[in-house]
Amino acid sequence: MPRSVGDGLGALLAGLILAVMLPVGMAPALAIAIVLLPCLALPGRGQLPGWLALGVLVALLSQAAALERRPAVDRAETVNAVGRVVSLPQASDGRQRFLLRPESVAGVSRGLPRRIRISLYADEPAIGAGERWELPLRLRRPRGFMNPVRFDYEQWLASEHIDATAYVTEPDQARRLAPGRGLVAWRAWMAAHLSELAATPGPGGALLRGLVVGDRRGFSETTWDVLQATGTSHLMAISGLHIGLVAGFGYWLGRWLWALARLPGERRLTASLIGVGAALGYAAMAGFALPTQRALMMLAVLALAALLGRRVGAGRLLLIAATGVVLMDPSALLGAGFWLSFVAVAVIILVVRGRRTGAVSGLWRIQLALLIGLAPLSGLFFGSWSPAGLLANLLVLPLFSLLIVPLALPAAVISIGLPGPGGAVLHGLARLLDALVGAGEWLLDAGLGPWPLNTVDPLTGLGLATGLALWMVPTGRALRLLGVCLIGGFFLAGPEPPAPGAVTVAWLEVGQGNAAVIHTRRHTLVVDTGPAWSGGSNAAAFSLIPYLEQRGIERIDRLIVTHADRDHRGGVPALRQAVRIDRVDAGEPLAEFAEVRRCRHGQSWQRDGVRFEYLWPDAPGDASGNAASCVLHMRSAGGDVLFTGDIDQAIERRIALRIDAPVVALEAPHHGSRTGSSAALLERASPRLAVLAAGYRNAYGMPHPAVIRRLRCRGIPLHDTGRHGALTLELHPQRAPRWRAARGPGRRLLHDSPRRRRFPDDPSIHYHPLPYPLLPMESRQPTCGN
């Protein structure tokens with residue numbers, strides 16, 4: 001491939017990446033880039049700005065087309081949708097979840113969502129893969145909790161081409177219009193077939209189904225923990241490794257058949273066609289998941305180059321495949337799989353280029369490079385790193401490559417017509433997988449679990465990249481030693497704790513409920529845990545617990561549950577299982593803690609120079625419900641914060657007399673209910689910021705317009721977690737308070753806009769525009785609205 005073509009592809013890929021990954025606030029820069037399109041007419045390298053502009057334009061048009069397919073607003077009324085189920089439905093705890101490709105949606109004439117993720121909260125009717133249904137749905141725009149955690153639900157939905165979410169409002173009115181058909185229906189049948197033939201007491205049968213048809217519905221949490229701890233999760237994700245193995249065996253089989261049958265034509269042509277056909281068949285069995293599409297793209301480029309007699313370098317092959325994948329689907333950049341797969345191949349290319357080593361030493365070197373080279377991405381996407389993965393992969397990878405994959409796929413196909421012989425092989429492989437998982441559990445019990453990787457600054461990440469380059473690229477011994485030191489610095493680095501006397505408060509978005517985390521230099525306090533929902537799920541599992549895990553917090557000094565309403569204590573059981581809790585204070589008794597201590601006015605304590613004091617209740621045993629809410633006053637050298645639970649105006653007037661100085665931030669009582677945020681409290685506390693912890697489009701109409709007007713007319717900026725996501729407030733003794741929203745300038749085009757009003761039909765609610773993050777609060781001068 002000419003160098004100029006490679007440079008053009010690189011510029012095109014860079015433009016695609018910029019348009020997808022840059023925040024919306026950088027849109028003017030993208031607009032300037034598009035102006036460079038005429039550069040495509042220039043000779044030589046003068047074309048590169050034009051190719052960059054073309055990539056930006058293609059990615060922007062693709063994302064705009066995706067946004068056009070989303071529902072305009074969350075529809076309050078039920079609409080009938082007709083479509084076909086295009087996924088393997090998941091059923092658990094009285095809920096079914098599946099993807100629907102709609103053919104029609106009542107009231108939508110054009111721009112139908114590509115796929116809708118639907119929840120049905122009932123066991124009947126049972127939804128089958130490939131079936132055609134008419135369903136009464138409540139449509140919603142793709143939206144998730146906006147918290148400073150690794151998993152971004154909205155981003156994941158966009159990467160999976162899911163343009164809307166919905167739930168079935170009347171299960172008894174759902175109608176099956178046609179039985180299951182197509183590839184997904186066959187995969188469901190095959191999964192059930194394998195389940196019968198390869199049933200074992202352990203997880204081996206489920207792993208086999210995941211390996212053959214990409215069905216991971218049967219994986220337990222323990223199985224996932226073992227895969228993560230041993231660094232072998234990639235073996236269960238049908239991607240480049242599996243497609244490459246199947247293509248390689250197909251190529252070898254094609255060469256053998258060509259010689260045996262004396263077929264006409266070139267041996268290379270026959271072998272390549274059979275290899276590509278085998279890989280295509282395996283990708284179809286896996287449902288053409290995105291990782292398999294990427295692997296097929298690379299394989300197709302390699303096969304085409306081989307058939308044309310052209311030599312394509314490994315780096316150029318990787319560039320062509322990456323550009324092709326992103327060009328066809330720019331949203332692939334939003335998924336962890338894209339970065340993990342292509343970076344892994346790039347690391348392998350760097351390690352093997354220009355070196356001749358034996359099979360064992362080569363495998364060892366590749367595994368070590370992958371273990372270290374993928375650590376930043378593993379920490380970024382999953383928050384952990386698996387040192388045990390080096391040994392586990394050295395032992396298990398050859399077993400998968402030479403035995404399990406080559407036997408499992410033919411045995412599965414043979415078992416369709418000959419269940420006896422094929423089933424025997426499958427059952428034996430399932431038992432082998434049982435034994436491997438058992439060995440992984442032993443490693444986990446021995447303490448060889450994943451090593452948490454905390455968020456680090458860009459400078460540390462740059463040091464790791466430099467260290468990897470010095471270690472993998474042939475250099476002198478001194479430079480390699482420097483590379484090892486830089487790599488070690490990455491694994492030892494961690495987030496800097498608050499300074500003595502400083503404190504950080506994070507209000508998390510948990511829907512209609514409260515949850516806040518207070519960090520001092522050496523201690524962590526949690527105020528409320530968010531709601532729980534029907535079916536046993538809770539908001540803490542998606543917000544509070546990931547937030548703590550990402551920061552390496554395994555111990556909570558004090559958990560404060562303001563009162564026992566479900567929207568404040570719903571995550572307590574999940575939190576208790578996830579971390580150690582030294583002490584629990586609550587406004588009411590909690591079933592989960594027999595020795596809970598009741599909050600009482602006058603109780604106080606200090607942590608790392610920060611003072612905490614309860615202002616309410618006066619007599620814990622005399623109050624219940626909202627009136628029993630613990631009111632916490634946090635005092636620090638950088639400013640005070642007031643947590644109010646769900647108290648009403650009568651209690652507000654009493655605690656207002658106990659506030660002796662203005663506060664920096666006030667958690668608005670009762671989620672911004674009309675019965676809270678009284679004039680007496682606002683005048684006495686004089687907050688420079690009000691936090692409204694209310695769920696997006698909640699059924700209670702919170703925050704109430706009267707509260708919004710009350711705050712605005714006093715010039716108090718407000719942060720609404722239901723619109724702007726989580727809020728982090730930093731209080732430092734030597735500088736002005738600073739705060740930032742979880743999705744401020746970091747919002748991307750495919751994220752839901754915070755400018756979308758919470759209640760589109762209610763013009764009486766007015767918000768002060770979201771201020772720029774990290775600016776001193778004194779620089780904000782909001783005006784009183786209507």
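Trainee: Is Ser677 buried or exposed?

Mentor: The model is a predicted one. Residues under 20% relative accessible area are called buried. Ser677 has a relative accessibility of 1%, so Ser677 counts as buried. Ser677 sits in the loop between strand 22 (665-667) and helix 23 (679-685).

Trainee: What is the phi of Ser677?

Mentor: Most residues other than glycine have a negative phi. Ser677 has a positive phi, near 55°, and is a residue other than glycine. Asp528 also belongs here: not a glycine, Asp528 has a positive phi of about 70°. Asp528 is part of strand 12 (residues 524-529), and with a relative accessible area of 0% Asp528 is buried.

Trainee: Which residues have the most contacts inside the largest nonpolar core?

Mentor: In soluble globular proteins, nonpolar side chains tend to be buried together. The largest nonpolar core in this model has 42 residues, and Val212, Ile243 and Phe400 have the most contacts inside it. Among the helices that each supply at least two residues of this core are helix 5, helix 6 (204-213), helix 8 (240-261) and helix 16 (419-445). Helix 15 gives the most to this core, with nine residues.

Trainee: What is Phe400 in contact with, leaving aside its neighbours within four places in sequence?

Mentor: The contacts of Phe400 beyond those neighbours are Leu211, Leu235, Met236, Leu245, Val405, Pro406, Leu433 and Leu436.

Trainee: Which residues make the nonpolar surface patch?

Mentor: Leu183, Trp186, Trp189, Leu280, Phe288 and Ile416 make a nonpolar surface patch of about 530 Å². Helix 5 (residues 182-197) provides the largest share of the patch, three residues. Ile416 belongs to helix 15 (residues 389-417). With a relative accessible area of 41%, Ile416 is partly exposed.

Trainee: How should I read a helix, and which residues of helix 9 are buried?

Mentor: An α-helix has 3.6 residues a turn, so residues three or four places apart point the same way. In helix 9, the buried residues are Thr270, Ala271, Ser272, Gly275, Ala279, Tyr282, Ala283, Ala284 and Met285. Their cover includes helix 5, helix 6, helix 8, helix 10 and helix 15. Helix 9 has 19 residues and reaches 27 Å from its first C-alpha to its last, close to the 27 Å expected at 1.5 Å a residue. Gly287, with a positive phi near 80°, follows helix 9.

Trainee: What span should the 18 residues of helix 10 have?

Mentor: At 1.5 Å a residue, helix 10 should span 26 Å, and its end C-alpha atoms are 26 Å apart, which agrees. The buried residues of helix 10 include Leu290, Arg294, Met298 and Val301. Among the elements that cover the buried residues of helix 10 are helix 4 (153-159), helix 11 (314-328) and helix 12 (336-352).

Trainee: How many salt bridges does the model have?

Mentor: A salt bridge is counted where a side-chain nitrogen of Lys or Arg is within 4 Å of a carboxyl oxygen of Asp or Glu. The count comes to 22 salt bridges. In one of them, the side chains of Asp608 and Arg522 meet at 3.1 Å, N to O. Asp608 lies in the loop between strand 18 (604-607) and strand 19, and Arg522 in the loop between strand 11 (515-519) and strand 12, so the pair ties together parts that are 86 residues apart in sequence.

Trainee: Which residues are linked in a network of salt bridges?

Mentor: Such a network links Arg555, Asp557, Arg580, Asp582 and Arg607.

Methods:
Residues numbered from 1 in each chain as written. Heavy atoms only, no water. Patch = residues over 30% accessible without salt bridge, like charges linked within 9 Å, V, L, I, M, F, W, Y side chains within 5 Å. Areas by Shrake-Rupley, 256 points an atom, 1.4 Å probe, with all protein chains shown as cover. Helix = DSSP H or I, 4+ residues; strand = E, 2+ residues; numbered from the N terminus. Buried < 20%, exposed > 50% of the residue type's maximum accessible area, 1.4 Å probe, protein only. Core = buried A, V, L, I, M, F, W, Y, C linked by side-chain atoms within 4.5 Å. Contact = heavy atoms within 4.5 Å. Expected span 1.5 Å × (residues − 1).
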